[in-house]
Structures are given as C-alpha cells and as structure tokens.
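Subject: Structure handover

Hello,

Here is the structure I promised. Please open it first, then read my notes below.

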Amino acid sequence: MTVTRDAVAAVLASSPLNELELRGPGVHLHLRRSGDAIVDVAASADVITAPGVGQFLLRHPLQDSPLASAGTRVVAGQVIALLQVGPLLRPMLAPAAGVAGAPLAAEASLVGYGTALLCFHPDAGEP
Amino acid sequence: MSTPGISLLGSSAILFEAPGETTLLTQQRIWALSREVAGWPETGEAVPGMNNLMLRFARPPRTLDALITRLKVAWEAAEPLPLDGRSIELDVTYGGEGGPHMADVIRHTGLGIDDIVALHTAPDYPVFALGSHPGYCYLGGMDPRLTTPRRQVPVLRIPGGAVSIGGSQTGVSASDGPSGWNTIGTTSAVFFDPAGNPPALFQPGDILRLRAVRVLR
Amino acid sequence: MIEILSDTALATVQDLGRAGSLGAGVGCAGAMDDLALIAGNLLLGNAQGDAAIEVQVFPFQLRFETRLSFALTGADCGATLDGMPLPPWWACTAEAGQVLRLGPPRRGALQASRAYLCLAGGVDVPMMLGSRSTQLRGAFGGFNGRALRRGDRIAAGPATAPLPAGGFGLEPAAIGLALECDRVPALRVLPAAEYDRYTATSQDNLWRAPWRITPQSDRYGYRLAGPALEPLAPIELRSHGIVPGVIQVPHGGQPIVQMRDAQPSGGYPKIGTIIDADLWRLGQAPIGSRVRFVRCSWDEAIAAAEENQRWIARAARLADLYRQHRAAA
C-alpha cells in the first residue's frame with residue numbers, strides 16, 4: 001500500500017490528534033498540527049520541547065518580530081523562544097549553532113512539559 | 001492668610017506653610033515644629049523651608065485626616081525655638097566678574113553699588129533653612145530695599161561661592177550650578193563635605209555675616 | 001569587574017535614591033525608572049535597592065573583565081553579548097572578555113529611553129549619605145561623583161544566588177502595570193498647593209491636554225509643552241521643600257516636572273504632583289512623546305503604590321523560586 005504524505009496530513013487535519021508519526025522500513029513520517037496547518041517535523045531537525053508548563057512565545061512581549069524566525073542563523077545558547085509563567089520568562093535556547101526552524105506550537109498557546117515547540121537545524125559536524 | 005496652609009506633594013510628602021510675613025520668630029516656631037514632627041512614625045524626614053515645613057513620608061499613611069489634625073495642633077503648641085547657632089563671617093568680593101548681575105540690581109533698586117554693598121553687609125543673616133543644593137543656606141534678614149526679581153532666563157552655570165539675590169531673599173551658592181538669581185558677588189568657602197559630620201558647613205540657627213573685602217566697579 | 005568602552009557622558013550609577021539629607025540641601029537622585037532597577041536586581045537575587053548603571057545615551061559598550069552575571073532592564077536596546085542577541089528585561093552570565101553592547105532604544109508603542117545594567121552583587125561604589133546614587137551637583141556618590149567615562153573600571157559586590165544557565169527574564173513593568181488615557185500613556189496626579197489659584201480653563205487643560213515632552217528634558221526635570229497654564233493672579237512663593245514628580249509652572253505657563261536630580265527645594269508655583277508610583281513612567285517616556293495627567297485621590301495614590309508593591313513581590317517570589325528550582329535541578 002502506498003500512502004502519500006499529503007494523504008496522511010489530511011487524515012491528521014481532520015482528526016482530533018495533534019501529531020502523527022509513522023515509522024517503518026525506510027519510512028519515517030512525522031507530522032504535527034501547527035495552528036490550522038500541518039507541518040513536517042523533519043527527520044534531520046532537532047525538536048525543542050517545553051521545559052515546563054507555560055505560554056509559548058516566539059516574540060518577546062516588547063517586540064514586534066520573533067526572537068528567531070524560521071531560517072534565522074543563531075549561535076549556541078541564543079534565546080530563540082520564551083516560555084512565560086506569570087511574569088517570568090524562561091528561555092528556549094539554541095542547543096548548538098544552526099538555523100531556527102518552523103514553530104510547532106502557536107504563538108501564546110499554553111503548553112505542557114515536553115510539548116514540541118519548534119524545529120531546530122543544527123550545523124553539520126562539530127559546532 | 002491667617003491659617004496655616006497644608007497641602008500634598010503627591011503621595012510622598014505634605015507641605016505645611018505658616019501664615020503671615022516671613023519672620024525669624026515664625027521660623028523659630030518652624031524649627032520647633034520640625035523637631036516635633038521628626039519623631040512621628042510616618043516621618044521620613046522633616047525639612048524646614050522659609051517659614052514652612054515639608055514632611056517627607058517614611059511611607060504614606062493610609063488616611064490623612066489624623067495627620068493633618070496633628071500638624072495643626074503641633075503648630076498651635078509650637079513655641080519659638082531659638083537655636084543656639086554659631087556665627088560665621090565670609091569675605092565677599094562684590095561686583096566685577098564675580099558679580100555679573102550687579103548692574104541689574106542697581107537698575108532695579110535705583111541704588112548705587114556702595115549703598116547696595118552697605119545694605120547687603122549690614123545684617124546678621126540667620127540661616128533659616130538649607131535647600132536648593134548640598135550645603136546651600138536660605139537666609140533671613142535681607143534689607144527689603146535690595147529686593148530684585150529672579151531672572152527671566154536662568155543662568156546655566158554660576159560658580160560655587162556666588163552671592164546672589166532672588167526676590168526678597170539672598171544666599172551664597174555652595175557649588176557650581178544653574179541659578180535664576182542675580183549674582184552680585186563671590187566668596188571662597190567650602191560649604192559642603194559629604195564625608196563630614198554634619199556634611200554642611202551651616203545649620204539652621206547659625207548666623208552668617210558678610211564682609212566686603214573688595215568692591216569692583 | 002567591568003570596563004566601560006564608550007564615552008557615555010550621561011551614564012551614571014544609581015540606586016533607589018538618597019533619603020534623609022534633604023535638610024542639608026541634598027536631593028534624592030536615584031533611578032529614573034525604579035521598577036526597572038528593582039526588576040534587574042530581583043532577577044539576579046540582589047537586594048532590591050542595589051546600585052546599577054543607568055544608561056541614557058546610546059550606543060553603550062562595556063567589557064566584562066571577569067565572569068559575571070548581569071541583568072538588563074528598562075529600554076529595549078537590542079543588546080548583544082559578543083554579538084549574540086539578548087532579550088530585553090533579561091539576566092544571564094557573561095564570560096571574562098565578553099563585550100556587551102546596547103544600541104538605541106527600539107521604536108514602538110512601548111519605547112522607553114533608559115536602560116539599567118544591574119550586576120550580580122550590585123555595583124560596588126561607596127555608600128555616601130545613605131545611598132550609592134550619583135549626586136552630580138556637589139559631585140559625590142556613585143562613581144567618583146560623576147558620570148561614567150571610557151576606561152572606568154567598575155566592581156561588583158559579592159554575588160549571592162547563582163543564575164540558571166541560559167538566564168531568564170521578567171515581563172516588563174510597562175505591560176503588567178500598563179496605564180493609558182485615550183491611548184496616551186497616563187500619569188496619576190494629586191493637585192498641589194496652588195492648584196486652586198489657576199484659571200478654570202487651565203485646570204481643565206491640565207487634565208485634558210496631551211503634554212508633549214520637549215528636548216529640554218533630563219534627569220533634573222522634564223519640560224512639557226501644551227496649552228499655557230495661567231494663574232488667576234501672579235503667584236510669589238517662599239522657598240520650600242519639593243519632591244520628584246512635582247509639576248511646577250514657571251512664568252510662561254509651560255510646566256516643568258521635577259525629576260530625580262531635582263534640587264530638594266523650590267519656589268515656583270505647583271499645580272500638581274505626579275504620584276510616586278507613576279514617576280517611572282515619565283522617567284521612561286521618550287522625548288517628543290505625549291503623556292496625559294489623570295487626577296487621582298489619596299486613596300487611589302495609595303492603591304497605586306500597593307499595586308506596584310504587589311508586582312514587585314510577585315516577580316521576586318517567582319524569580320527566587322525559579323533560581324532555587326534550577327539550582328537544585
């Protein structure tokens with residue numbers, strides 16, 4: 001049986017699920033709901049997950065643009081997103097030098113521990 | 001006005017203003033009131049001015065009525081407190097570069113420079129209060145004939161030691177800074193040392209005497 | 001230890017100001033935005049009133065000579081640490097040799113004008129007359145009684161709490177404590193002694209006009225532009241104590257709000273006083289922007305002070321918990 005990526009995405013979109021992962025010999029498809037869209041969690045990307053409960057922020061409350069929009073080159077340790085708990089802002093850090101990827105959760109959404117928040121594409125090889 | 005004025009300075013202080021003309025006797029009652037108010041729990045600092053007193057709150061009280069009543073009662077009870085001050089004499093050079101606004105005082109008062117110097121050096125000036133900048137004294141006792149309005153445009157920098165007249169008041173600047181007063185002379189004295197105890201040379205109740213050592217025409 | 005790399009004529013060491021020497025003619029000085037200073041100290045686990053560096057001219061650069069935790073609050077200056085962007089209202093740790101750079105405050109609805117650099121352990125300068133704030137008139141306090149210059153080396157006190165790796169931040173006070181009137185930043189005002197001696201039109205204008213902050217505005221005072229405030233008759237006053245926030249009206253009718261470096265006494269008529277709880281808002285209002293005055297009651301002034309205290313207490317509690325939790329993890 002052959003399934004296309006788009007067919008799986010359509011199934012996920014009409015389901016109550018947030019995420020779908022298919023693994024088999026030579027197959028790895030990992031899709032996730034992001035707002036109204038279905039996005040790929042690319043196999044080559046790291047996924048940054050929530051370190052706790054809070055509100056996921058791509059933008060600092062004082063700023064109009066994201067801390068690191070998808071495609072932005074960042075250095076190891078750079079703050080690329082925030083998790084707000086009351087007035088406290090916890091950092092989501094770039095684990096290595098690389099490129100910020102697509103967000104996997106909506107801006108200002110409430111997330112729990114382990115929720116995947118955004119993709120990150122580390123540079124190949126040693127940093 | 002015959003009753004004291006009591007008003008707010010935002011949420012951080014309350015201002016008490018004694019009625020009547022500015023006199024030393026009233027100031028002595030202000031010193032007494034200041035001493036009384038300094039011991040109140042809501043007081044951060046009691047700051048005498050010219051026949052008035054600012055009570056800066058340690059923390060603002062929840063309600064004001066009781067405090068205002070207490071202020072009025074304390075004022076009624078305040079007996080003149082003659083502070084046993086020191087007498088300090090300062091040498092002044094009048095006019096010239098150190099007194100750039102002498103001409104304005106001459107013009108406004110219609111007096112000659114010698115008369116101005118004579119009138120300005122005649123009194124014992126009681127230090128009513130400190131304010132404006134570190135070590136600066138507000139003095140009582142200036143001859144009313146020397147009254148000259150403050151300048152329309154303040155001077156950006158007058159030097160420490162500047163002897164000046166603003167309205168019916170006179171004073172000696174303790175450090176360089178801007179001023180709206182008319183500078184008629186200059187003196188060399190150190191008025192403030194932050195490491196000193198007390199840091200200011202003069203205290204309320206001290207007597208300042210001015211001696212003309214030179215008059216530059 | 002840090003070394004200042006910029007010629008920054010107007011950056012000064014400030015804490016919460018000097019109390020208790022008004023009677024010697026010494027004004028308060030202190031941070032123009034006290035909440036930002038407190039927030040920076042809370043992030044680091046410092047005492048709330050530890051001294052910091054107030055920066056108001058940009059760009060501003062400094063080098064860390066030793067490993068040191070620091071916090072940046074106040075204006076969002078697009079700060080970078082060795083080129084790596086830092087979020088505003090953020091605390092983190094610099095390694096020895098790293099350079100911190102602050103650019104001009106970013107434009108936007110919440111644009112501010114002063115940034116605060118707090119150091120773990122507080123900026124270590126001598127306490128003078130009960131404060132570490134710089135007293136420019138008289139030249140004492142702060143760093144040698146003057147503004148900072150290139151080459152100045154400034155020490156931090158002994159650090160207390162370790163900072164979690166990656167640092168953390170606080171939501172700026174301008175968001176949690178927002179206050180507006182007709183979409184213009186608002187400042188609550190209590191009428192002052194001479195309020196009743198102004199014309200009804202002037203009283204109306206005080207509350208209704210947007211007041212523009214002119215370029216002649218600094219740590220000493222903010223000169224505002226708007227409709228002239230006219231007394232019913234000329235007012236002559238005797239010199240008396242004043243506080244930061246007092247709205248004086250000199251000849252000409254354009255008000256001046258006395259700020260942190262104001263002298264402790266004055267004689268201009270006073271139409272009102274901005275309450276202490278709101279003075280930080282004006283301290284951050286950019287030149288050219290507009291503010292509104294909102295009349296308030298004593299009870300409202302007290303409530304506003306309490307609201308600020310609650311904001312501080314909550315931030316302090318969460319920051320302490322987070323530092324301890326991460327230290328244990």
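I start in chain C. Strand β2 (residues 12-14) of chain C pairs with β3(C) in the antiparallel sense, over three bridges. Two strands count as paired if DSSP finds at least two bridges between them. Strands themselves are DSSP runs (E, at least two residues), as helices are (H or I, at least four), and both are numbered from the N terminus. Opposite Thr12(C) stands Glu54(C) in β3(C).

Before going on, note that this is a predicted model: local features need pLDDT of at least 70, side-chain atom pairs count only at pLDDT 80 or more, and totals for chains, interfaces and linings use all residues. Residues are numbered from 1 along each chain as its sequence is written, while chains are lettered from A and ligands numbered from 1 in the order in which they are written.

Back to β3(C). Three bridges also join β3(C) to strand β10 (residues 115-119) of chain C, and the two run antiparallel. Ile53(C) has Leu117(C) as its bridge partner in β10(C). Which way do the residues of β3 (residues 52-55) of chain C point? Ala52(C) and Glu54(C) point one way, Ile53(C) and Val55(C) the other way, and all are buried. Buried means that 20 or more other C-beta atoms, placed from the backbone, lie within 10 Å of the residue's own; exposed means 12 or fewer, and partly exposed is in between. In a regular strand, side chains alternate between the two faces of the sheet.

Next, the domains of chain C. Domain 1 covers 2-175 + 315-328, and domain 2 covers 180-296. The bounds come from an automatic or database domain assignment. The C-alpha centres of these two domains of chain C lie 28 Å apart. 19 residues of domain 1 of chain C are in contact with 13 residues of domain 2 of chain C. Contact means that the C-beta atoms of two residues, placed from the backbone, lie within 7 Å.

Chain B is also divided, into domain 1 (5-77) and domain 2 (87-216). Here the C-alpha centres are 27 Å apart. Seven residues of domain 1 of chain B are in contact with eight residues of domain 2 of chain B. Helix α1 (residues 24-37) of chain B gives the most to the domain 1 side, with three residues. Chain B as a whole has four helices and 13 strands. Its radius of gyration, taken over C-alpha atoms, is 18 Å, close to the 17 Å that the globule rule gives for 217 residues, so chain B is as compact as a globular protein of that length. The rule is 2.2 Å times the number of residues to the power 0.38. Of the 217 residues of chain B, 46% count as buried.

Now the chains together. Among the two pairs of chains that touch, B and C have the most contacts. No contact joins chain A and chain B; their closest C-alpha atoms lie 26 Å apart. Chain A does touch chain C: 18 residues of chain A are in contact with 21 residues of chain C. β7 (79-85) and β8 (88-93) of chain A each supply at least two residues of that side of chain A. The largest share, five residues, comes from β8(A). β8(A) also pairs with strand β12 (residues 168-170) of chain C, in the antiparallel sense over two bridges. There, Leu89(A) has Gly169(C) as its bridge partner.

Best wishes
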